[in-house]
Amino acid sequence: MDGIVITAAVILAVVALIEVVTLFLVKPDPAAPPYIELLPVFEEDKFFQRRLEYLGRRCGGRTSLIIADISATEEQLELCRRLAEESPDTVIITMAQLEELLRERFLA
C-alpha cells in the first residue's frame, strides 16, 4: 500500500513541476498575435443584449474586447458603456477607428 501512495505522490509532483515550468518559465512567442474579441453592434441585432451579457460573464482572461459601433442605438450604447465601466479591457469605438486600433494592436 505504501508503494502505491509513494508512486501517486511522485506522479503528482511531476505534474505540478510541469505546470510550474509551463506557467512561469515558457515565454509566449512574440510573433503570436494578441487575442481580441470583436463585437459589432448593429441596430437590427435582436440578440445583442444576450450577446453582451454572455461576454460580460466571461470578462476575464482575454486581451481585449472591442465593441464596434456600426449602427448602434442609444440604448445599445448605454449597455456597452456599462460593460466598459465594469471591464477595463473593453473599448468602444466607431468603425472609422477600428482599422487604426487593429493596426496598433497587431503591428506594435
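The report below takes up helix packing and then salt bridges.

This is a predicted model, in which local features need pLDDT of at least 70 and side-chain atom pairs count only at pLDDT 80 or more, while totals for chains, interfaces and linings use all residues. Residues are numbered from 1 along each chain as its sequence is written, and side-chain values use heavy atoms, with hydrogens and water left out.

**Helix packing**

Two packed helices are described by the angle between their axes and the distance between the axes. Helices are DSSP runs (H or I, at least four residues), numbered from the N terminus. The axes of helix 2 (residues 48-57) and helix 3 come within 11 Å and cross at roughly 5°; these axes are lines fitted to C-alpha atoms over the stretch in contact, and angles run from 0 to 180 degrees between N-to-C directions. Helix 2 is therefore roughly parallel to helix 3, a term that covers angles under 35 degrees. Helix 2 contributes Phe 48, Gln 49, Leu 52 and Gly 56 to the contact, and helix 3 contributes Gln 76, Leu 79, Cys 80 and Leu 83, where contact means heavy atoms within 4.5 Å. Sorted by class, this contact of helix 2 with helix 3 has five nonpolar, three polar and no charged residues; Ala, Val, Leu, Ile, Met, Phe, Trp, Tyr, Cys and Pro count as nonpolar, Asp, Glu, Lys and Arg as charged, and the others, Gly among them, as polar.

**Salt bridges**

A salt bridge is a side-chain nitrogen of Lys or Arg within 4 Å of a carboxyl oxygen of Asp or Glu, and by this rule the count comes to five. The table lists some of these pairs.

| Pair | N to O distance |
|---|---|
| Arg 51 and Asp 45 | 3.0 Å |
| Arg 81 and Glu 74 | 3.1 Å |
| Arg 81 and Glu 78 | 3.4 Å |

Accessibility is classed as buried (under 20% relative accessible area), exposed (over 50%) or partly exposed (in between), with a 1.4 Å probe and protein chains only. Asp 45 counts as buried because its relative accessibility is 17%, whereas Arg 51, at 39%, is partly exposed. Glu 74 is exposed at 54%, while Arg 81 is partly exposed at 35%.

Arg 81 and Glu 78 are three residues apart in helix 3, so about one helical turn separates them, and Glu 78 is partly exposed at 34%. Salt bridges that share partners join Glu 74, Glu 78, Arg 81 and Arg 82 into one network. Arg 82 lies in helix 3 (residues 74-86) and is partly exposed, with 45% relative accessibility.

Note on methods:
Helix = DSSP H or I, 4+ residues; strand = E, 2+ residues; numbered from the N terminus. Parallel < 35°, antiparallel > 145°, perpendicular 65-115°, else oblique.
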